[in-house]
Structures are given as C-alpha cells and as structure tokens.
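Student: I am new to this structure and would like to walk through it with you. Could we begin with a look at it?

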Amino acid sequence: MSTTQSERLRELLEPLVTSQGLDLEEIAVDSVGRKRVLRVVVDSDQGADLDAIADVSRALSAKLDETDAMGEGEYTLEVGTPGAERLLTEHRHYARAVDRLVKFQLAEGGELVARILEVDDDGLDVEVPGVKGRKATARRLGFAEIDKARVQVEFNRKDKKEEEA
C-alpha cells in the first residue's frame, strides 16, 4: 500500500498540531512554478487566533526542518484557518457551525438553506428561514440525508445580543 506525501505529512504533523490544542483539518502540497507550497489548515472549537496560528506555524516549521518530509527542494509553509464558507465534512465541523446559516445539498436531490440550531450524534436540528414574512420552520436532518454542506456568509444578520437589547 503506497502512502501519499500528504498522508505522510499528516502522520508527522498532526500530533504536533494536536499538542497545540488545534485540529489538523487539511493538508495539501501544491506546485507553484518551481516552488512547492505546503498548506496546512487548522481549527479548534474556540477558533484559532493569530497567536495560535503563529505558534503552530513555528512548531511545524521546526519539525519540517529537522526531517526530510518535504524533500530537498524549496517550499513555502502556509498555515491558516478554514475559510468563511467552509465545507462541513466532520461532526465537529457541524458542531462548530451552530447558529450559522448553511447551504445543504440533500442526498435525495435539492438544496436547503437553514440555520443549525443543535447537533447530536444522529443529525441536526435546523431552522429554515421564512420567506416573504412567513415564520421560520424547524426541521430535523439526519447526517445520511446530507450530501454536502457549506457555511454561508451573512453580511446583515443582527447579533443575538443586539436583538435582545
């Protein structure tokens, strides 16, 4: 069984990322001209601030320097967090997206845009926004019903604290 470079890098770097209190979400090696770029995406339940990213970046860089995991050629290490419109693929991703608006591609076909209210081992409780003055409706989605899910960016949503004031 062959192991890809990304899998080998994950095995090497994931324990280090975990020791920093973060989850290794994604790892990719891309070629950009003659150089290679190692992109590492990290996150946590509390999010990852700039200090945490800088700390893990230094630790990963030191680990990579002491091994030959990236080979002889030059490369650039980029460490960041998932984008605003992240794809939800793991249970923890759904849990971190509670109170966020998500676009679901349903396994049976069709789409649904709804706000995640609660996540458990079997699925999600969501709130489907009302259209044209109608009230929002509650719905239950099992994980098996979801083909893809992606967080949506909201520019004009009022903060709960503003609504309660």
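Predicted model: local features only at pLDDT ≥ 70, side-chain atom pairs only at ≥ 80, totals over all residues.

Student: At what angle do the axes of helix 1 and helix 2 cross?

Tutor: Helix 1 covers residues 5-19 and helix 2 covers residues 50-66. Their axes come within 10 Å, and they cross at roughly 140 degrees. Angles over 145 count as roughly antiparallel. The crossing therefore makes helix 1 oblique to helix 2, and the value you asked for is roughly 140 degrees.

Student: Which residues of helix 2 meet helix 1, and how many residues in the contact are charged?

Tutor: From helix 1 come L9, L12, L13, L16 and V17. They meet V56, A59, L60, K63 and L64 in helix 2. By class, this contact has 9 nonpolar and no polar residues, and the charged count is 1.

Student: In what order do the 3 strands of the open sheet with mixed pairing stand?

Tutor: The edge strands are strand 1 (23-32) and strand 3 (75-80), each pairing on one side only. Strand 1 pairs with strand 2 (residues 35-43) in the antiparallel sense over 9 bridges, and D23 stands opposite D43 in strand 2. The order is 1-2-3.

Student: Which strands of this sheet does helix 2 touch?

Tutor: Let us take the helices in turn. Helix 1 lies across strand 1 and strand 2, running at about 140 degrees to strand 1. Helix 2 also packs on the sheet, and its direction makes about 150 degrees with that of strand 3. The strands that helix 2 touches are strand 2 and strand 3.

Student: Now the open sheet of 5 strands: which strands stand at its edges?

Tutor: The order is 7-6-5-4-8, with antiparallel pairing.

Student: What is the bridge partner of D125 in strand 7?

Tutor: We can follow the bridges across the sheet. Strand 5 (residues 111-119) pairs with strand 6 (residues 123-128) over 4 bridges, and there E118 has D125 as its partner. Strand 6 then pairs with strand 7 over 6 bridges. In strand 7, the partner of D125 is R140.

Student: Which residue in strand 8 is the bridge partner of K103?

Tutor: Strand 4 is joined to strand 5 by 5 bridges, with L101 opposite R115 in strand 5. Another 5 bridges join strand 4 to strand 8, and these two run antiparallel. The strand 8 partner of K103 is R150.

Student: Where is D99, and what is its phi?

Tutor: D99 sits in the loop between helix 3 (91-96) and strand 4 (101-106). Its relative accessible area is 26%, so D99 is partly exposed. Most residues other than glycine have a negative phi. D99, a residue other than glycine, has a positive phi near 75 degrees.

Student: Which residue takes a positive phi in the hairpin of strand 4 and strand 5?

Tutor: That hairpin has 4 residues between its strands. The phi in question is near 105 degrees, and the residue is G109.

Terms used
Residues numbered from 1 in each chain as written. Heavy atoms only, no water. Pairing = 2+ DSSP bridges. Axes fitted to C-alpha atoms, helices over the stretch in contact; angles between N-to-C directions. Parallel < 35°, antiparallel > 145°, perpendicular 65-115°, else oblique. Contact = heavy atoms within 4.5 Å. Nonpolar A, V, L, I, M, F, W, Y, C, P; charged D, E, K, R; others polar. Buried < 20%, exposed > 50% of the residue type's maximum accessible area, 1.4 Å probe, protein only.
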